[in-house]
Amino acid sequence: MNDTFKALSDPTRRKILDLLKEKDLTAGEISDHFNISKPSISQHLKILKQADLVHDEKQGQYVLYSLNTTVFQDIMSWALGFAKKND
């Protein structure tokens, strides 16, 4: 879970997740929303993949990125566990 929180701590990565919330995107489509280099976007995507927050799937010459909603469900369950203990 440490990798997850590390990945979520960066505003660029959170914006990438917001974009992927709408639809699956290629790295190029993601980079179109930022004023940073494509290698920087690739590094952010690598960190999100290591935290298992995104999946990637090769489709022809492109790689399509999508959210891994299971990890978000796990985080919510973990966080809600604290609310239940205080009730």
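Two strands count as paired when DSSP finds at least two bridges between them. Strand 2 and strand 3 meet that test with six bridges, in the antiparallel sense. This is a predicted model, and every value below is computed from it.

**Overall layout**

The protein chain has five helices and three strands. Read from the N terminus, the order of elements is α-α-β-α-α-β-β-α. Along the principal axes, the C-alpha atoms fill a box of roughly 50 × 25 × 20 Å. The chain has 87 residues, and 32% of them are buried. Among contacts with a separation of 6 or more, 49% join residues 24 or more positions apart.

The three strands form an open sheet in the order 1-3-2, with antiparallel pairing. Strand 1 and strand 2 stand at the edges; each has a single partner strand, so one side of each is left without a neighbour in the sheet. The two pairings are set out here.

| Strand pair | Sense | Bridges | A facing residue pair |
|---|---|---|---|
| Strand 1 (25-26) and strand 3 (residues 62-67) | antiparallel | two | L25 and Y65 |
| Strand 2 (54-59) and strand 3 (residues 62-67) | antiparallel | six | K58 and V63 |

Strand 1 pairs with strand 3 over two bridges, and L25 stands opposite Y65 of strand 3. On the other pairing, K58 has V63 in strand 3 as its bridge partner. Strand 2 and strand 3 also form a hairpin, with two residues between the strands. In that hairpin, G60 takes a positive phi near 65 degrees. In a regular strand, side chains alternate between the two faces of the sheet.

**Helices across the sheet**

Which strands does helix 2 lie across? Helix 2 lies across strand 1, strand 2 and strand 3. Its direction is at about 95 degrees to strand 3. Helix 4, residues 38-50, lies across strand 2 and strand 3. Helix 4 runs at about 115 degrees to strand 2.

**R14 in helix 2**

R14 is found in helix 2, which spans residues 11-22. Leaving aside neighbours within four places in sequence, R14 is in contact with L8 and S9. The R14 side chain reaches the backbone oxygen of S9 at 3.1 Å. R14 and N68 are 54 residues apart along the chain, and their C-alpha atoms are separated by 14 Å.

**Aromatic rings**

The structure holds two aromatic pairs. In one of them, the ring centres of W78 and F82 are 5.1 Å apart and the planes stand at 85 degrees, so the pair is edge-to-face. The cut-off for that class is over 60 degrees. W78 and F82 are four residues apart in helix 5 (residues 69-85), so about one helical turn separates them.

Elsewhere, a charged side chain meets a ring. K15 lies over the face of F34, at 5.9 Å from the ring centre.

Key:
Residues numbered from 1 in each chain as written. Predicted model: local features only at pLDDT ≥ 70, side-chain atom pairs only at ≥ 80, totals over all residues. Heavy atoms only, no water. Phe/Tyr/Trp six-rings, centres within 6.5 Å; stacked < 30°, edge-to-face > 60°. Lys NZ or Arg CZ within 6 Å of the ring centre and 35° of its normal. Contact = heavy atoms within 4.5 Å. Polar contact = N/O pair within 3.5 Å; in protein donor to acceptor, adjacent residues only side chain to side chain. Axes fitted to C-alpha atoms, helices over the stretch in contact; angles between N-to-C directions. Buried < 20%, exposed > 50% of the residue type's maximum accessible area, 1.4 Å probe, protein only.
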